[in-house]
Amino acid sequence: ARHAHSLLAERATGGALYIIAGSGPDGIPLQDVWRSADGGSTWQPQNLTAAFPARSYHASVISPDDTAMYLLGGLDSSQNALGDVWVSMDRGKTWSQRASLPSARYGLGAIVDTFGSILVLGGVPFSPTVNAAACLA
């Protein structure tokens with residue numbers, strides 16, 4: 001079992017589901033990506049040791065055309081808040097660091113707006129302002 005992970009769903013290209021990172025049953029943060037093409041009945045690994053640091057309590061978003069996945073912030077294995085942004089252009093198989101959030105945080109919310117910007121709200125430490133991380137290609 002895992003918790004504090006993120007779940008993404010393709011909207012434009014087939015409806016696959018993706019689970020990204022989180023904590024395993026021992027509470028240790030993970031750095032993996034799994035894909036399901038059958039609504040979550042079965043899962044296949046996309047990457048068991050992704051380039052991003054292991055993390056939990058992060059946010060993930062997928063671009064409206066499903067061409068890019070973004071991973072934002074979270075808590076690392078030492079319980080430090082992260083402020084990094086990672087992107088995968090191949091459905092979670094490879095990742096590269098893209099940008100940084102305005103501040104490190106975990107437990108945050110994120111969406112992609114109609115203009116292709118990632119909007120980030122809240123998290124710990126709490127910030128009541130909306131921060132846009134305009135890092136979509």
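Let me begin with the conventions. Residues are numbered from 1 along each chain as its sequence is written, and side-chain values use heavy atoms, with hydrogens and water left out. Since the model is predicted, local features need pLDDT of at least 70 and side-chain atom pairs count only at pLDDT 80 or more, while totals for chains, interfaces and linings use all residues. Strands are DSSP runs (E, at least two residues), and they are numbered from the N terminus.

The structure holds one aromatic pair. Phe52 and Trp95 form this pair, which is edge-to-face, with 5.3 Å from centre to centre and 90° between the planes. The pair links distant parts of the chain, 43 residues apart: Phe52 lies in the loop between β4 and β5, and Trp95 in the loop between β7 (81-88) and β8 (96-100). For the terms, rings of Phe, Tyr and Trp (its six-membered ring) pair if their centres lie within 6.5 Å; planes under 30 degrees apart count as stacked, over 60 as edge-to-face and the rest as tilted. Phe52 counts as buried at 0% relative accessibility, and Trp95 is buried as well, with a relative accessible area of 8%. Here buried means under 20% relative accessible area, exposed over 50%, and partly exposed in between (1.4 Å probe, protein chains only).

A nonpolar core is a set of buried Ala, Val, Leu, Ile, Met, Phe, Trp, Tyr and Cys residues joined through side-chain atoms within 4.5 Å. Which members of the largest core touch the most other members? They are Ile20, Phe52, Met69 and Trp95, out of 13 residues in that core. Strands β2 (17-23) and β6 (69-75) each supply at least two residues of this core, and β2 gives the largest share, three residues. A second, separate core of 12 residues includes Ala68, Leu72, Leu108 and Ile118. Returning to Met69, its contacts (heavy atoms within 4.5 Å) include Leu8, Tyr18, Ile20, Val61, Trp86, Arg91 and Trp95, not counting residues up to four places away in sequence.

His58 is found in the loop between β4 (44-47) and β5 (59-62) and is buried, with a relative accessible area of 7%. The side chain of His58 reaches the backbone oxygen of Ile20 at 3.0 Å.

Next come the charged residues. The structure holds three salt bridges, each defined by a side-chain nitrogen of Lys or Arg within 4 Å of a carboxyl oxygen of Asp or Glu.

One joins Asp32 and Arg2, at 2.8 Å from N to O. Asp32 is in strand β3 (residues 29-36) and Arg2 in the segment before β1 (6-9), 30 residues apart. Asp32 counts as buried at 7% relative accessibility, whereas Arg2 is partly exposed at 25%.

Another joins Glu10 and Arg91, at 2.7 Å from N to O. This pair spans 81 residues, from the loop between β1 and β2 to the loop between β7 and β8. Glu10 is buried, with a relative accessible area of 6%, and Arg91 counts as partly exposed at 33%.

The remaining bridge is between Asp84 and Arg55, whose closest N and O atoms are 2.8 Å apart. Asp84 sits in strand β7 and Arg55 in the loop between β4 and β5, 29 residues apart. Are these two residues buried or exposed? Asp84 counts as buried at 9% relative accessibility, and Arg55 is buried at 0%.

I close with the backbone. A cis peptide bond joins Val124 and Pro125, with omega about 0°, and Pro125 lies in the loop between β10 (118-121) and β11 (130-133). Asp66 is not a glycine but has a positive phi of about 65°; its place is in the loop between β5 and β6, and it counts as buried at 6% relative accessibility. Gln79 likewise has a positive phi, near 65°, and is in the loop between β6 and β7. Gln79 is exposed, with a relative accessible area of 52%.

Note on methods
Helix = DSSP H or I, 4+ residues; strand = E, 2+ residues; numbered from the N terminus. Polar contact = N/O pair within 3.5 Å; in protein donor to acceptor, adjacent residues only side chain to side chain.
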